Amino acid sequence: MAKFGSSRIRLEESVSEVLRAKNDLQDGSKGNGSPERNGSHSRNGSQGSNGSQGGNGSRGGNGSRGGNSSQDGNSFQNDNISEKELFEFAGYDEASGEKIGYSNYSYWGSTLRAFLKNKMAVTLMVVIFSILLFTIIQPYLPGQFDPNQINNDVKGNLLRNVKPNREHLFGTNSIGQDLWSRVWSGTRTSLLIGVCVAAIEAVVGIIVGVLWGYVRKLDFFFTELYNVLDNIPSTLVLVLFSYIMRPSIASLVIGMSLTRWIGMSRFIRNQIIIIRDRDYNLASRCLGSPTTRIIFKNLLPYLVSVIMLRMAMAIPEAIGSEVFVTYIGLGLPIEIPSLGNLITTGRDLLMNPGLRYQLIFPTIVVSVVTISFYIIGNAFADAADPKNHV
């Protein structure tokens with residue numbers, strides 16, 4: 001026990017020496033060069049023998065201070081500062097707060113900038129707009145023939161299977177009709193069908209898909225409806241509808257649109273289920289936001305890229321379906337030019353080198369339109385993805 005007691009005494013002595021050294025170091029660091037009474041504490045570092053601290057700032061043994069001593073040099077100068085100056089409320093500027101939180105980010109602006117970086121897509125976009133514009137103004141240009149007009153020469157002979165020349169740029173067909181006019185008239189008809197089908201597919205598919213994915217009470221109904229309609233081949237529906245109704249542009253549009261919206265709605269429904277319970281949607285519901293606002297502000301903007309991609313794909317698919325239906329003899333009548341009619345007529349002349357041009361020209365137009373929409377749709381979907389906005 002004596003051993004532990006002596007160790008304790010030595011430890012206490014060491015601690016006391018450390019504290020004394022620390023105090024001496026603090027006292028010695030404040031010398032005669034410090035400011036006087038009106039600024040800080042003046043000390044000369046010397047200690048008096050009588051213990052009293054005089055007016056010159058020396059410290060006495062009794063710890064009392066003279067009239068000329070002051071506070072430490074690092075402390076606040078509270079003598080000449082009022083309480084109002086020490087404590088003052090900071091102002092708040094609402095306009096400055098808005099300016100600090102402002103961001104010049106624009107979704108559509110960033111999407112456009114990202115899309116313009118794809119030179120191939122931009123070039124094909126110009127090509128598509130040029131084709132669309134030309135199909136509109138082509139009938140009003142000088143020197144154009146009616147697409148259903150049967151042309152004869154000066155002697156009254158039928159201009160059958162005339163090869164391309166200056167008067168007939170794409171030549172004529174077997175009954176003397178100008179292929180240049182028929183190709184552009186058929187392009188106009190096929191694009192009209194494709195755009196109408198894509199618009200109906202987008203509108204119906206988005207409405208059904210959003211309700212199917214967001215309103216949980218409707219999930220069972222739409223699931224059963226999907227299971228029934230999806231098991232019916234779309235080609236069979238299109239063929240039966242063409243048999244029932246008289247062949248026309250309206251009948252083809254309705255026949256193609258009867259089942260095409262199913263794929264779009266199923267895709268939208270799956271995307272809505274993924275994002276409907278995210279934090280910002282839960283916060284909107286907790287704040288009492290109406291369902292329509294949540295759908296249009298929180299859900300649909302997230303799906304812009306995939307919606308535009310599917311719409312871009314729907315146009316060439318509709319044109320291809322029109323070509324197929326016409327190929328099997330259930331498409332538009334011969335008096336309504338379309339790319340499907342022209343390709344169906346030209347396929348019989350494929351093995352005839354002198355008449356092969358009647359298939360080549362409409363095929364080139366179909367290929368350019370379908371490939372352009374495919375590339376443009378993919379490029380726009382990538383550009384509309386916020387992850388690609390830097």
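**Note on the fold, the pocket and the cavity**

1. The protein contains 14 helices and zero strands. The model is a predicted one, and the remarks below should be read accordingly. Read from the N terminus, the order of elements is α-α-α-α-α-α-α-α-α-α-α-α-α-α.

2. Among contacts between residues at least 6 apart in sequence, 61% join residues at least 24 apart. The accessible surface of the protein is about 24,400 Å², and carbon and sulfur atoms account for 60% of that surface.

3. The largest pocket has a volume of about 460 Å³. Its lining comprises 21 residues, of which Ile128, Phe129, Val195, Ile315 and Phe373 are the closest to the centre of the pocket.

4. Which helices each supply at least two residues of the lining of the largest pocket? They are H5 (119–137), H6 (179–214), H12 (304–327) and H14 (357–384). As to the class of residue, 18 nonpolar residues line this pocket, together with two polar residues and one charged residue.

5. The structure also holds one cavity of 30 Å³ or more. The space in the largest cavity amounts to about 50 Å³. The residues that line the largest cavity are Val208, Trp212, Phe222, Leu225, Tyr226, Leu229, Trp261, Ile262 and Ser265.

6. Helices H6, H7 (219–230) and H9 (249–275) each contribute at least two residues to the lining of the largest cavity. The largest share, four residues, comes from H7. By class, eight of the lining residues of this cavity are nonpolar and one is polar, with no charged residues.

7. The structure holds zero disulfides. With regard to individual cysteines, is Cys286 buried or exposed? Cys286 is exposed, because its relative accessible area is 70%, and the cut-off for exposed is over 50%. Cys196, by contrast, counts as partly exposed because its relative accessibility is 30%, which lies between the cut-offs of 20% and 50%.

Methods:
Residues numbered from 1 in each chain as written. Predicted model: local features only at pLDDT ≥ 70, side-chain atom pairs only at ≥ 80, totals over all residues. Heavy atoms only, no water. 1 Å grid on protein atoms, 1.4 Å probe; cavity = no way out; pocket = protein on both sides within 12 Å on 5 of 7 lines; lining within 4 Å. Points joined across faces, edges and corners; volume = space filled by probe spheres on them. Nonpolar A, V, L, I, M, F, W, Y, C, P; charged D, E, K, R; others polar. Contact = heavy atoms within 4.5 Å. Areas by Shrake-Rupley, 256 points an atom, 1.4 Å probe, with all protein chains shown as cover. Disulfide = S-S within 2.5 Å. Buried < 20%, exposed > 50% of the residue type's maximum accessible area, 1.4 Å probe, protein only.
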